[in-house]
Amino acid sequence: MTVSDPVEDIVATISRSATEIRQGLVGRRGKADEENPSGETQAEADVWADDLLAERLSSIDGVSQYASEERAEIIDCDDDGLSVAVDPLDGSSNLKSNNTMGTVFGIYDEPLPAPGTALVAAGYVLYGPITTMVYARDGTVTKYELTGGERTVVEHDVTLPDDPITYGFGGRVPDWPADFEAYVREVEANPQHKLRYGGAMIGDVNQVLTYGGIFAYPALEDSPNGKLRLQFEGNPIGYVIEAAGGRSSNGEYSILEVEATDLHQRVPVHVGNTSLIDRLEAALA
Ligand code: FDP
């Protein structure tokens with residue numbers, strides 16, 4: 001008898017849906033007439049991918065809640081069990097220019113909003129030249145290629161390379177606080193470091209996971225919590241990077257330790273090699 005594993009059911013559903021989501025982007029690159037709960041204009045594809053994932057994930061046995069960056073309210077399901085938080089199309093501004101985007105997910109064993117310490121698994125799909133999935137569970141990160149509903153392991157036990165290479169920082173430079181800007185100048189001064197910034201968190205984080213380095217969407221002068229959302233972006237990415245041997249930080253301590261007070265709350269996000277995040281926290285102290 002096979003024992004059901006709701007975490008695996010959720011991940012399998014997202015990986016099967018990813019090929020469809022990718023194909024469904026064609027013809028859905030325009031703007032929807034709506035704003036998301038954070039006040040950003042939604043793309044048609046944002047709304048469509050959210051509806052598709054909401055329907056499929058909320059009907060899985062063992063899922064008690066579905067929440068997404070694209071909808072104000074949590075969907076409460078009949079079952080007791082896990083809460084799934086999704087950013088259906090992270091970096092959807094890149095639809096217009098046809099650049100990389102992704103789907104981010106976090107699976108929590110507490111009702112939302114929940115801290116990152118309640119995550120039991122998290123990961124993301126990257127719609128690059130190849131569709132890949134990176135998924136962390138029990139301290140191990142695995143990378144897959146996704147084709148036509150199939151998920152094939154391409155790397156077991158993914159870890160951050162020891163020598164960091166890439167860096168990418170969001171927000172307008174004039175809006176960066178002075179201590180963060182001074183830290184960036186220090187990172188840039190290292191001749192081994194290269195700028196890689198594509199404007200979709202998930203693409204930029206995937207560069208860091210591949211080459212080592214740091215990605216941040218920091219606190220800004222007029223938005224002290226930055227732009228990215230704790231439940232849908234900060235926590236899942238922090239969980240993946242920490243499982244891969246790196247660190248996450250809100251500028252002071254692990255993102256996973258940040259108190260969750262609101263479903264759509266924002267958090268400054270810094271993730272990458274331990275040496276770079278330790279130095280960042282010292283620079284911002
Ligand atoms: P997008 O608005 O295109 O969905 O949180 C979403 C996000 O993209 C991140 O993926 C990305 O890192 C960031 O916003 C880019 O923000 P800017 O528009 O400020 O560059």
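In what order do the strands of the open five-stranded sheet stand? In this predicted model, the order is β12-β11-β13-β15-β14, and the pairing is mixed. A further open sheet has eight strands, ordered β4-β3-β5-β6-β7-β8-β9-β10, again with mixed pairing. Helix α5 lies across strands of the eight-stranded sheet, including β5 and β7, and also across β11, β13 and β15. The largest pocket holds about 570 Å³ of space.

- Strand β11 (residues 166-169) runs parallel to β12, and two bridges join them.
- Within this pairing, Tyr-167 is placed opposite Leu-195 of β12.
- Helix α4 lies across β11, β13 and β15 (269-272), and its direction is at about 155° to β11.
- Helix α5 lies across β11, β13 and β15 as well, running at about 160° to β13.

- Strand β3 (residues 63-68) is parallel to β5, to which five bridges join it.
- Val-63 is found opposite Leu-82 of β5.
- Helix α5 lies across β5, β6 (101-108), β7 (119-127), β8 (131-137) and β9 (140-147), at about 105° to β7.
- Helix α6 (residues 230-243) also packs on the sheet, where it touches β3, β5, β6, β7, β8 and β9, and its direction makes about 95° with that of β7.

**Packing of α4 and α7**

- Helices α4 (residues 178-189) and α7 (residues 274-284) pack at an angle of about 145°, and their axes are 9 Å apart.
- The crossing of these two helices is right-handed.
- From α4, the residues in contact are Asp-179, Phe-180, Tyr-183, Glu-186 and Val-187; they meet Leu-276, Arg-279, Leu-280, Ala-283 and Leu-284 of α7.
- By class, this contact comprises seven nonpolar, no polar and three charged residues.

**Largest pocket**

- The volume of the largest pocket is about 570 Å³.
- Its lining has 30 residues, of which Glu-40, Gly-91, Ser-92, Ser-93 and Lys-227 are the closest to the centre.
- Two or more lining residues come from each of β2 (41-43), β5 (82-90), α3 (94-97), α5 (201-211) and β13 (213-217).
- The lining divides into nine nonpolar, eight polar and 13 charged residues.

Key
Residues are numbered from 1 along each chain as its sequence is written. This is a predicted model: local features need pLDDT of at least 70, side-chain atom pairs count only at pLDDT 80 or more; totals for chains, interfaces and linings use all residues. Side-chain values use heavy atoms; hydrogens and water are left out. On a 1 Å grid over the protein atoms alone, a cavity is a set of points where a 1.4 Å probe fits but cannot get out, and a pocket is an open set with protein on both sides within 12 Å along at least five of seven lines; lining residues have an atom within 4 Å of a point. Grid points are joined across faces, edges and corners, and a volume is the space filled by probe spheres set on the points. Helices (H or I, at least four residues) and strands (E, at least two) are DSSP runs, numbered from the N terminus. Ala, Val, Leu, Ile, Met, Phe, Trp, Tyr, Cys and Pro count as nonpolar, Asp, Glu, Lys and Arg as charged, and the others, Gly among them, as polar. Two strands pair if DSSP finds at least two bridges between them. Contact means heavy atoms within 4.5 Å. Axes are lines fitted to C-alpha atoms, for helices over the stretch in contact, and angles run from 0 to 180 degrees between N-to-C directions. A crossing is left-handed if the near helix is turned anticlockwise from the far one by less than a right angle, and right-handed if clockwise.
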